Amino acid sequence: MRFKSIILGEEKPIIDIETGSYHQKNHFTEEKVSIKKEDLGEISSVNLISEDILIIDIQMCFSGLQTIRTEMAGESVVLNFICCNNVEADIDEVESEKYSTENTHNILYASKLNANFKIPELEEINYLSIIISPDFYSKLINENWDLHQKFSKNILQKKSGYLTPKYVPFNSEIQWAIHEIKNCKYSGSMKKMYLEAKIKELLIFQLESLKEFEAKAPVDEKDYKKLLEAKRILERNFTNAPSLVELSRLISLNEFKLKKGFKSCFETTVKSYVTKLRMEYAKKLFKNKNSNVGEVAYKCGYKDVSHFSAAFKSFYGFTPMNFRKFNIFTKLNFIFWEFMDFFPLVDFL
């Protein structure tokens with residue numbers, strides 16, 4: 001099994017790994033990637049490699065739109081965990097959602113994989129992919145599970161595809177298992193034992209989550225795609241969000257189905273989701289800019305500062321002014337302690 005990922009236009013691959021060349025059966029080999037270019041952006045990746053398992057934890061932020069070409073030779077099962085929005089995926093011979101959704105997961109079987117991923121500028125990207133051989137995967141699961149009958153058949157027929165047509169939101173168990181895998185403190189054979197156990201645990205949580213989502217079946221596949229498009233429209237235009245009537249017209253779905261389906265699929269209302277996006281943006285502006293409350297309110301799409309302040313306090317539990325003061329104090333405190341590191345108190349005595 002070989003995994004290769006390269007930014008189009010760049011000569012050197014970000015990742016180029018062949019798992020069969022690693023023969024330490026009781027160990028994971030760790031590789032770290034760190035790239036920082038002014039005209040490109042930043043990439044960091046921690047890759048853990050054994051004969052049957054490849055764990056890739058990658059973070060990226062580019063200064064401009066980039067396309068990453070990913071190729072995988074040899075059969076593999078991919079446990080995919082996406083922690084970012086707005087990445088456009090085009091996977092050869094595999095039906096998939098066009099854009100990524102933050103904190104979602106799915107399982108993919110690929111007899112071979114060729115894919116292009118369009119990464120938007122200044123977007124913080126984080127993927128965790130656990131790539132395992134079909135042989136190792138078959139040891140972890142019972143292929144007779146209801147959810148697995150079709151997927152197991154696809155593996156036997158070497159037909160690439162996802163376990164379910166939709167990426168499903170993380171639950172708390174999945175988030176915690178990911179945290180434990182990323183923060184493993186063991187080494188050598190103990191690390192291999194620990195990670196293999198955690199991968200099996202994570203797979204169980206995935207299957208349970210996917211099965212529950214399938215059972216709920218809040219909307220059909222056609223309507224689900226329209227609701228995903230509505231979510232993306234809101235994410236692109238939350239500072240000037242369309243009304244329910246306008247959004248309904250944009251996605252060609254009646255207003256009742258839009259409201260009910262959005263709540264069922266994303267566990268929030270359209271209005272609450274817009275508020276969430278605005279509040280997160282406001283917090284980012286207060287942290288990175290010296291804007292006053294009025295400026296931030298306007299940039300977040302509020303014409304009335306008092307309405308913005310009320311929404312901010314309801315969402316975070318304190319007023320924008322208090323948050324801004326706290327943020328300034330935190331920065332000053334940080335600068336003070338940085339200064340003291342250079343000039344210890346003893347130097348003044």
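Which side chain meets that of Arg-69 in a salt bridge? In this predicted model, the partner of Arg-69 is Asp-92, with an N to O distance of 3.9 Å. The pair links distant parts of the chain, since Arg-69 lies in strand 6 (residues 66-73) and Asp-92 in the loop between strand 8 (88-91) and strand 9 (104-110), 23 residues apart. Asp-92 is partly exposed, at 35% relative accessibility.

The count of salt bridges comes to 17. Three of these pairs are listed here.

| Pair | N to O distance |
|---|---|
| Arg-69 and Asp-92 | 3.9 Å |
| Arg-2 and Asp-16 | 2.9 Å |
| Glu-280 and Lys-276 | 2.9 Å |

Arg-2 forms its salt bridge with Asp-16. Arg-2 belongs to strand 1 (residues 2-7) and Asp-16 to strand 2 (residues 15-18), so the pair ties together parts that are 14 residues apart in sequence. Arg-2 is partly exposed, at 36% relative accessibility, and Asp-16 is partly exposed, at 37%.

Glu-280 and Lys-276 are 4 residues apart in helix 8 (residues 270-288), which means that about one helical turn separates them. Glu-280 is partly exposed, with a relative accessible area of 39%; Lys-276 is also partly exposed, at 31%.

Cys-184 is buried, at 16% relative accessibility, and Cys-300 is buried, at 0%.

Helix 5 (residues 221-237) has 17 residues and should span 24 Å at 1.5 Å a residue; its end C-alpha atoms are 24 Å apart, which agrees. The buried residues of helix 5 include Asp-223, Tyr-224, Lys-231 and Ile-233.

How values were computed:
Residues numbered from 1 in each chain as written. Predicted model: local features only at pLDDT ≥ 70, side-chain atom pairs only at ≥ 80, totals over all residues. Heavy atoms only, no water. Helix = DSSP H or I, 4+ residues; strand = E, 2+ residues; numbered from the N terminus. Expected span 1.5 Å × (residues − 1). Buried < 20%, exposed > 50% of the residue type's maximum accessible area, 1.4 Å probe, protein only. Salt bridge = Lys/Arg side-chain N within 4 Å of Asp/Glu carboxyl O.
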